[in-house]
Every structure is written in C-alpha cells, then in structure tokens.
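This note is written for a reader who is new to structural models. Please keep the sequence and the structure in view while working through the numbered points.

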Amino acid sequence: MFFTAFYGTTSSLRRSILPSSRFPMPSVPVPVVTLAILLLLLAKVYLSRVNRHSGALWFLASCAVVVLMSVLRWSFSVPVMQQMQYLAAIGLAPLTWRCFASLTDTPRRWRHLITLAPPAAALSLHLLFPDVTDTVLILLYFGYGGALLHTAQRGEDRFVLSRLSDAPVTSRLAFIAGGFLCFSGLTDMAIAVDFSLYRGEHAALLVVISQALLLPFLCLGILLPQRHAAPHAIPEAAPSMATLPEITAEDVQRCTQLEALIADRALYLNPDLTLTALARKTATPARQISRAVNAARGCNVSQWINGFRIAHAQRLLRQTSSPVTAVMLDSGFNTKSNFNREFMRITGMSPGEYRRAAPDTEAPDSGTR
C-alpha cells in the first residue's frame with residue numbers, strides 16, 4: 001500500500017524523505033522548514049490582540065502537530081511513529097471542519113456525528129483493509145474540504161455564532177481552510193498515482209513543489225485578515241441582483257421593524273453582537289433576519305449592522321471632538337481596520353476626511369488623526 005511505501009500520510013504538509021525517489025530531498029527536510037514557519041505563524045496569531053481567531057489558532061496548531069509527527073518519523077524511523085502520524089493526519093480534517101462548524105447553527109448532535117463518524121470509519125478501514133488507506137484519506141480530505149468551501153460560499157451570515165464584526169474574517173478563513181484540505185487531497189492523489197505508475201520516482205519532487213506552493217498560501221491565509229484598508233480604497237460593489245432572494249412585502253416590513261427595534265435599543269453598539277444574539281433580542285429567527293436583510297437591503301447582516309454603527313460614528317465625528325479611536329470603540333467596532341474599511345465602503349471617505357468635511361464638527365484635538 002502507498003501508506004507504508006513512503007514517509008507520509010495524507011497531505012503534502014506531512015511528507016518526509018522518500019528514499020526510493022531519484023529526486024533527493026534538500027539537506028534540510030522540507031517538513032522542518034514547514035514546521036518552523038507554522039510555529040512562527042501560530043505565535044504571531046496567538047500574540048495578536050486584535051486579529052486573533054480561534055479557528056486559525058486550532059487550524060495552525062493541528063497542522064503543526066501533524067508536521068511534527070512527520071519530522072519525528074523522519075528522524076526516528078520506528079513503526080509506532082507511522083501510526084502516530086496517521087492518527088494525527090486523520091484528525092486534522094475533521095478538527096479543521098469542527099473549528100468553523102461550531103460557529104454555525106448546525107445542530108450539536110450533527111456536529112458530533114460529522115466530526116467523529118468519518119474518521120472512525122477511516123481508522124477502521126485502515127486496520128481492516130490497509131490497501132485502501134490512501135484512497136480513504138484522500139476522500140476524507142476532499143469531503144471536509146468541500147464542506148468548508150460550501151459553508152464559506154453560503155456567506156458570512158452562515159456563521160451565526162461569530163461576532164458580526166468577525167464574520168467576514170471567519171468566512172475567508174473557512175474558505176482558505178477548505179482550499180487547503182482540497183489541495184492536500186490533490187497532492188496525495190498525485191503522489192498515489194506516481195507510486196502506482198512510477199513506483200514513487202517523482203514523489204519527492206511532488207512534495208517539494210506542493211510545499212513551495214502551500215507555504216505562501218498559508219501565509220496569505222493568516223496575513224489577509226490583518227491587512228488594513230487602503231486609504232483610498234474603492235467601496236465594495238453591491239451584490240448582484242441575481243444572488244439576492246426575491247423581495248417580498250413581508251421581508252421589507254420585517255426589515256423595517258427590525259431596524260426600528262435595533263435603533264431604539266442601540267443593539268448595534270455591542271461589539272460582541274452575533275446573529276444568534278440579534279435573533280434572540282429581536283425574537284426573530286436568524287434565517288428570517290438574514291433573508292429579510294439580503295432581500296430588502298441587498299447586503300448581509302454584518303454590513304447591515306455596520307451601517308448603524310457608521311451612522312453613529314458619523315454623528316460623533318460631527319458633534320464631538322473625541323479621537324477617532326474613541327469614536328470607533330463607542331460605535332461598536334473593535335478593530336480600526338474594520339472601522340476604516342466599513343466607513344470607506346459606506347461614505348466613500350476616511351473618518352478623518354469626513355470629520356474635516358463635516359460642517360458642524362467641533363474643533364478636533366490632535367488625537368483625531
């Protein structure tokens with residue numbers, strides 16, 4: 001079977017030296033480099049007070065454990081390391097999916113079932129029919145990766161337990177994680193084909209190429225949410241009408257009622273507001289809120305709530321001399337990058353530019369810029 005033929009299990013992150021290959025590995029094994037970069041990224045995300053995301057932390061930590069198993073197996077070629085590496089590899093895909101599924105409205109029993117059943121089946125097949133190990137692992141990674149891509153494709157409103165301000169980041173990370181799992185499956189498929197047709201002669205080269213492609217991908221996935229909005233970024237385009245649900249009188253009425261309730265109670269000022277919490281406070285199912293907002297306002301719930309927050313920030317910028325950072329916090333935002341991006345999207349200018357252009361602004365102090 002492919003699994004026992006080389007130092008790897010199911011992802012390009014987990015390949016080690018392949019002695020049978022005519023393409024030798026570098027003197028420093030690629031997994032060691034990968035592990036070092038993963039640990040640096042993990043430390044950076046963990047130490048970030050603003051952009052820390054639990055999904056990214058668990059995802060990177062899981063990848064690091066799997067790569068560590070690969071490095072240890074490369075260093076200490078003992079049978080038990082092969083099984084430990086396999087167990088770590090088989091757990092990565094469901095754990096990655098679970099990190100993001102826990103932020104959706106998927107019932108808990110279904111989350112438990114989807115998290116545990118496929119890995120248990122894969123482990124059983126590995127013990128009973130070892131020749132199908134590679135095929136099972138490839139299917140496992142494609143399955144969880146495809147599920148994450150599908151969840152991310154459904155939009156930010158799918159993550160009802162994520163803070164609305166974090167929903168865009170959560171959706172992007174889910175998409176990136178799903179892409180990573182599918183990429184791993186494709187890499188394993190290519191290596192499996194190579195062992196089937198060429199006895200693994202090109203496997204090491206495939207590992208090096210896949211990791212060379214994967215490392216920038218991982219870096220981009222972590223750094224992307226930390227980018228600050230460009231000072232003169234073009235506002236985001238409105239969603240295409242083809243992607244919006246059909247507008248009904250009920251949706252318009254519900255959206256109007258919700259807006260009055262949210263404005264009256266100033267619910268938007270809570271920076272930890274989630275779609276589930278909003279549904280509970282307004283006694284309206286989350287799916288109905290999402291549909292009404294999508295149809296009647298042509299945006300998602302996160303952008304809709306940010307509209308209230310930006311309107312509040314505009315009033316503070318016009319009528320007070322509070323620093324922009326204080327205005328940001330008082331308006332329900334917890335990151336300056338998100339505040340600047342949403343302010344630019346809605347008003348077409350930065351907070352500082354808006355304050356200077358507003359006619360009734362009190363003389364701002366030096367901390368407003």
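Predicted model: local features only at pLDDT ≥ 70, side-chain atom pairs only at ≥ 80, totals over all residues.

1. A helix is here a DSSP run of H or I with at least four residues, and helices are numbered from the N terminus. With that in mind, helix α5, which covers residues 108-128, gives the most to a nonpolar surface patch, namely four residues. The patch itself is made by Leu87, Leu123, Leu125, Leu127, Leu128, Phe129 and Val132, and has an area of about 630 Å². Leu123 is placed in helix α5, and its relative accessible area of 30% makes Leu123 partly exposed.

2. The average pLDDT of the chain is 77, and 73% of the residues score at least 70. Over residues 1-28 the pLDDT is below 50, although this stretch has 107 contacts in the model beyond near neighbours in sequence. Residues 361-369 also have a pLDDT under 50, with 21 contacts beyond four places in sequence.

3. What is the chain built from, helices or strands? The chain has 15 helices and zero strands. Of its 369 residues, 49% are buried. Among contacts with a separation of 6 or more, 74% are between residues 24 or more positions apart. The chain has an accessible surface of about 17,500 Å², and carbon and sulfur atoms account for 64% of that surface.

4. Which residues does Thr96 contact, if its neighbours within four places in sequence are left aside? The contacts of Thr96 are then Phe59, Leu148, Ala177 and Leu181. Thr96 lies in helix α4, which covers residues 79-101. Thr96 counts as buried because its relative accessible area is 1%, and the cut-off for buried is under 20%.

5. How many salt bridges does a search of the whole structure find? The search finds nine. One of them joins Arg345 and Glu342, with 2.7 Å from N to O. Arg345 and Glu342 both belong to helix α14 (residues 336-347), where they are three residues apart, about one turn of the helix. Both Arg345 and Glu342 are buried. Elsewhere, salt bridges with shared partners join Glu250, Asp251, Arg254 and Arg291 into one network.

6. Arg254 forms a salt bridge with Glu250, in which the closest N and O atoms are 2.9 Å apart.

7. Are Arg254 and Asp251 buried or exposed? Arg254 has a relative accessibility of 17% and therefore counts as buried. Asp251 counts as buried too, because its relative accessibility is 3%.

Technical notes:
Residues numbered from 1 in each chain as written. Heavy atoms only, no water. Helix = DSSP H or I, 4+ residues; strand = E, 2+ residues; numbered from the N terminus. Buried < 20%, exposed > 50% of the residue type's maximum accessible area, 1.4 Å probe, protein only. Contact = heavy atoms within 4.5 Å. Areas by Shrake-Rupley, 256 points an atom, 1.4 Å probe, with all protein chains shown as cover. Salt bridge = Lys/Arg side-chain N within 4 Å of Asp/Glu carboxyl O. pLDDT = per-residue confidence, 0-100. Patch = residues over 30% accessible without salt bridge, like charges linked within 9 Å, V, L, I, M, F, W, Y side chains within 5 Å.
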